[in-house]
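Hi,

Here is the structure I promised to pass on to you.

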Amino acid sequence: MVQFAHRIHDAVVGVGGDSVLDRHLDTPAPQAISASDVVHLHVTDRLFGSPADRAAESVSAVVDAARTAGARVVVTLHDVPQPSDGRSVEVRTAAYRRIAESADIVVVSSEHERLLMDEAGIESAALEVIPLPVATGRADPVVSPGTVTVGVLGFLYPGKGHVEVAAALPPGAEFVALGRPSPGHEDLVDDLRAVSPSARVTGYVADDDLPAALHAVTVPVAHHRHLSASGSIVTWIEHGRRPLVVAGRYTREFDARSPGVVTLYEEDDLADALARATADRASTWIDAGVLARPTADEVGRAHLDVYRAALRVGT
């Protein structure tokens with residue numbers, strides 16, 4: 001999320017927006033903000049504190065500081081609460097409701113997230129949908145005759161599908177988890193190896209090493225059934241890969257907006273989808289001429305429109 005916040009900042013500046021704050025500040029400095037400014041916060045409760053009500057307190061403090069200086073506040077909500085959150089869904093929903101009510105405008109990154117907001121009863125004065133920016137990557141397909149590897153990118157945590165993918169491997173294929181376990185879920189490594197003894201967990205992959213790691217995987221997969229917006233899918237695409245993604249409300253929306261950059265499969269068709277991709281390895285690479293949307297410039301302009309709208313609030 002932090003990476004995408006920086007990218008959206010750069011996209012706004014790239015289309016003519018002004019940045020009056022150092023983007024690495026943890027909180028806005030009131031003396032640096034005026035009544036003609038908009039403070040834009042990217043929020044997920046896991047970044048601002050735990051449990052979620054503590055995160056809401058932290059965000060409220062930032063909002064209050066901005067308002068004291070006379071600025072308007074735009075909040076992008078990430079990881080919108082949904083029933084799959086389990087026991088934490090009620091406290092997360094209450095926290096997001098408080099944060100949404102404090103902002104002049106709330107932004108979410110997909111129509112799916114907008115619907116999640118409706119379903120959770122989280123209301124705001126104004127709600128806008130601006131998808132995450134995607135830069136379509138180009139790479140020469142690597143069609144190696146060697147061992148087939150099936151890879152999932154990102155933190156290991158419950159519900160992301162690592163174990164299910166490892167259990168559905170084609171004969172002779174090996175599983176690789178590109179990432180590390182999220183805190184408290186180190187046991188997932190043992191779960192992986194219980195279904196696929198050769199499963200490999202890379203740990204953190206440095207930025208400089210990421211292109212080679214993503215290109216080396218034979219079949220990229222995102223089997224997270226409860227996505228609301230996905231940085232891992234975007235990362236595959238930006239390195240020229242066309243990942244297999246389980247069909248759902250968000251991934252269907254993504255595919256409709258950017259045809260040709262993901263391959264949808266139904267949840268109960270995972271094993272066959274992996275077999276098909278293994279047989280047609282070129283299908284896991286993005287064809288020349290295919291463009292993912294929205295571009296950075298489109299995202300930058302959309303945010304400038306939102307900032308202008310925020311400045312008109314109450315005038």
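This is a predicted model: local features need pLDDT of at least 70, side-chain atom pairs count only at pLDDT 80 or more; totals for chains, interfaces and linings use all residues.

Residues are numbered from 1 along each chain as its sequence is written, and side-chain values use heavy atoms, with hydrogens and water left out.

The protein chain has 12 helices and 10 strands; these are DSSP runs (helices: H or I, at least four residues; strands: E, at least two), numbered from the N terminus. Its C-alpha trace spans about 65 × 45 × 35 Å along the principal axes. Of the 315 residues, 47% are buried, meaning under 20% relative accessible area with a 1.4 Å probe, counting protein chains only.

Now for the sheet. Four strands form an open sheet in the order S1-S2-S3-S4, with parallel pairing; two strands pair if DSSP finds at least two bridges between them. At the edges are strand S1 (38-43) and strand S4 (127-129), each pairing on one side only.

Six bridges join S1 to S2, and His-42 has Thr-76 in S2 as its bridge partner. Strand S3 (residues 105-108) pairs with S4 over three bridges, where Val-108 has Val-129 in S4 as its bridge partner.

Why is S1 largely enclosed by the rest of the structure? Because five of its six residues are buried.

Enjoy exploring!

Technical notes:
Buried means under 20% relative accessible area, exposed over 50%, partly exposed in between (1.4 Å probe, protein chains only).
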